[in-house]
Structures are given as structure tokens and as C-alpha cells.
Amino acid sequence: VTVASDGKRAKTGSSMRDLGEIRDGAVIFDDVIRWRGPMTEFADACSSLGIAPEELQLDDCSGLTVLPGFVDSHTHIVYAGSRAHEFARRLSGVPYTTIAAEGGGILTTMRAVREASADEIVHVATQHAQRALEHGTTFIEVKSGYGLNLESEVKLLNAAVEVAREVDIRLVSTFMAAHDVPPEFRSSPDDYVRHIVDDMLPAVADIDVLSFCDVFTDKGFFSVEQSEIILQAASGYGLGLKVHADEIAAIGASNMAARLGCVSADHLEYTTEADVDALRDAGVVCTLLPGTAYTLRLPPPNARMMIDRGAIVALATDCNPGSCLSENMQNVLSLACMTLGMSIEEAIVAATLHGAAALRVHDRVGSIDAGKEADMVLYDVPTYADIVYHFGVNHVLGVYVRGEMVA
Ligand code: NIG
Ligand code: FE
């Protein structure tokens, strides 16, 4: 399954159903994909590349399925502690927003992070990243946002750098101090916004692998006005912009994402047709997180409406201790098909090429096309449909990153 992109950033509308499947296919690669096509053209491809077929190391994948590595463009895997007790309370009917208003939720994890050592956080995140890799994710985004003060946000962003060194996954990080207002600033949230802009952004902007800034623009968290101040400032440091939008209520977050030219707007449970048109026209990737809608029992985002209106729809895990504790993108495909009404083909494009677009790395990864880096995953299934059809187990047999088998 190539997810052939024809050099484009995205496959929208009906082109999202075209996976560029090649039956009885082959790939020639070193760290980069040199050629891919049907076996019948293999000998010709070798001669035009000036390669003698006997010089190649052959990996026989007969009966198996190869996909581009998943690009999980939205996670919060640098944290400490557990929220299992809050999960149990939610099952008994207490809403997520009530737990948050009591000082639980994100603030529960904040307290654990502030107390944890850097090593403990690296340990948690390394395990999540390794498990993501073993489930077929070759590129992952990691957000800070459980420290909510300079010292602890730096601790989280540095932990992400450490994870990138320890795990063979590719990783970029996102600064998200605007995930919630910490207790010190509860009576003056605007002062926290100023603190983020004046003190935190300048101190974190140069941390390795930091690429984006994200804000939780929603009822009870950050207003559109506050979010704009933070995002405008982040843009000045060369960071790409992301927004957690329309998850709890529609307060104009996705419209702001379009206006500011954000790389992606994520969640989008309450997004209207007019908002989707604005996101589409501004080229903002609409990143849907079906695991979160499932775990929090939110109304599923309207993926069909978004795809039919030509928006760029991506899928990600949102892996985090509060609203979706899973690093398994195969499972996200299943949830997208079963709860968002996406087709298997659409879900695969959304989890690969469009994830890459949401991280601005679509020129390098996200499809099996000549010239892209060789991030590919081998599944022990006869067709790609079986990954979704036979759900709840890990079908991955092998993971290549830059052409090396790393898991
Ligand atoms: O993406 N929406 C905000 N942030 C996370 C949840 C964080 C948490 O509950 O710890 C999310 O769902
Ligand atoms: Fe999130």
C-alpha cells in the first residue's frame, strides 16, 4: 500500500479512497525509497537504477502487507503518574469537565509531573514511544503541557529530546504550556498568558526537536483572545501553530485556526460546516482523535462531512493519561471506521500522509514514493483491510525506519 501522493501534500475528497495499492509489488530502498512498483517491472527498475539485482539484500514479504509508517501527529506522552482512579469515576458518570473543575484532570497530572524526576518522565515516555513504534508508528509528535511552569515545561521538552535519542522512532515536540491554567494563576489567567509569552516562549524556543506551539482553546480553558496572543508570539519564534479546537464547546477555535494559518486544528467534535470550509480554504489539517471521543464518550467528529467538503482529514491517537491512553494507531483505524464512518482507505491516508502534513514532513515521509525516506511497516495480513477487520491485536511483523529494521 503506497498511499501514492503524486508529490502532493494531501489526498482530499474522493482521492482519499485511492491507496495506490500494488499487488505482488516490490520496493527498492536504502535509507531512501529508490523505486516501488510491480514485480513484473523489478528487473527494468534495477537496470535503470544501475543496480545488479544480486547486490540487493532481499526481504521476502510474500503473503504480507506493507504500509507507510503511521505518522501519529498528536500525543501527550511526556508525563508522570496515573489517572486510573479518575477514569473509574468517569465510568460511574462524573463528567470530565467536573473532574477538571475540581482541580483534577490535567492538574492531577501536573502535580505528578512537578514532583517527578526527569528520569521518571523519560522512562514513561520512552515506554510509550517504543510501544507506538512496535504498533507501526514511525513518526510521532509529543506535546508538553503537564508542567505549567517554566521549570517543569522545560523538563518535559527535554524529556522528549531524550526519548528521541533512546527510541528508533522519529520525533518532534510541541510546546503546550497553554494546556490549562495552573493553580498559581487561577485568579488571573491573563497573567499566565503573559508569563507564557514573556518568560516561557523565549526560554524554550531553542530546545532541540521543538517544532510547534499548541493551545487548548475551549470553554473553561483558554479563550480565543488569549490563544491568539500566545500563538502570534510563538509564530514569531518560527514555531508552527496547532490548536485543540471544538472539543468541549464551539467557541470559535477552529475559525481562529483558519485565520492564523495553523498547521492543524485537532479534535473538532463540535465543528460546523462553515468552520470546516474555513479550515479547508486555509489548508489547515483537520486532525481527528477517535480514541478520545471513544474514551470521553464525546459525540464523534463529523469526518464524513469534512471529507466530503474537501478538508484534509488526519487521524492521531492523542495518547495521554486523561482522555485516551493508547499508542496503537491500528486501533485508531478501527475506531475511525466504526465510529466516524470513514472507509478503510480514507483512514489509512489520514493516518499516514495526512499525519505527515499535520507535522509538515509530507515531503519526507507519509507514503511509499521514490525519494521519500524508507519508513515502512510490514503486517502479517494478506490485505490491508484485515488490519481493521481483525481488530484489537497487533499485526505488525517488522518496522523499517530510514531503511533499517528497528522493531
Ligand atoms: O487532547 N484536550 C486537552 N488535552 C488532552 C487531554 C489531556 C488530559 O486530560 O490530560 C486531549 O484530550
Ligand atoms: Fe490532545
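Reader: How far is a nitrogen atom of ligand 1 from an N or O atom in the side chain of His179?

Author: This is a predicted model, where local features need pLDDT of at least 70, side-chain atom pairs count only at pLDDT 80 or more, and totals for chains, interfaces and linings use all residues. Side-chain values use heavy atoms, without hydrogens and water, while residues are numbered from 1 along each chain. A polar contact here is a pair of N or O atoms within 3.5 Å. For His179 and a nitrogen atom of ligand 1, the distance is 2.7 Å.

Reader: Which residue has a polar side-chain atom 2.6 Å from a nitrogen atom of ligand 1?

Author: An oxygen atom of ligand 1 is 2.8 Å from a side-chain N or O atom of Arg83. The 2.6 Å distance to a nitrogen atom belongs to Glu247.

Reader: How much of the accessible area of ligand 1 does the protein cover?

Author: Areas come from the Shrake-Rupley method with a 1.4 Å probe. On its own, ligand 1 has 320 Å² of accessible area. The protein covers 100%.

Reader: Why is helix H13 largely enclosed by the rest of the structure?

Author: Helices are DSSP runs (H or I, at least four residues), numbered from the N terminus. Buried means under 20% relative accessible area, with a 1.4 Å probe and protein chains only. H13 spans residues 329–339, and it is largely enclosed because its buried residues number eight of the eleven.

Reader: Which residue caps the N-terminal end of H13?

Author: A side-chain oxygen lies 2.9 Å from the backbone nitrogen of Gln330. That oxygen belongs to Asn328.

Terms used. Chains lettered and ligands numbered in written order. Polar contact = N/O pair within 3.5 Å; in protein donor to acceptor, adjacent residues only side chain to side chain. Buried < 20%, exposed > 50% of the residue type's maximum accessible area, 1.4 Å probe, protein only. Helix = DSSP H or I, 4+ residues; strand = E, 2+ residues; numbered from the N terminus.
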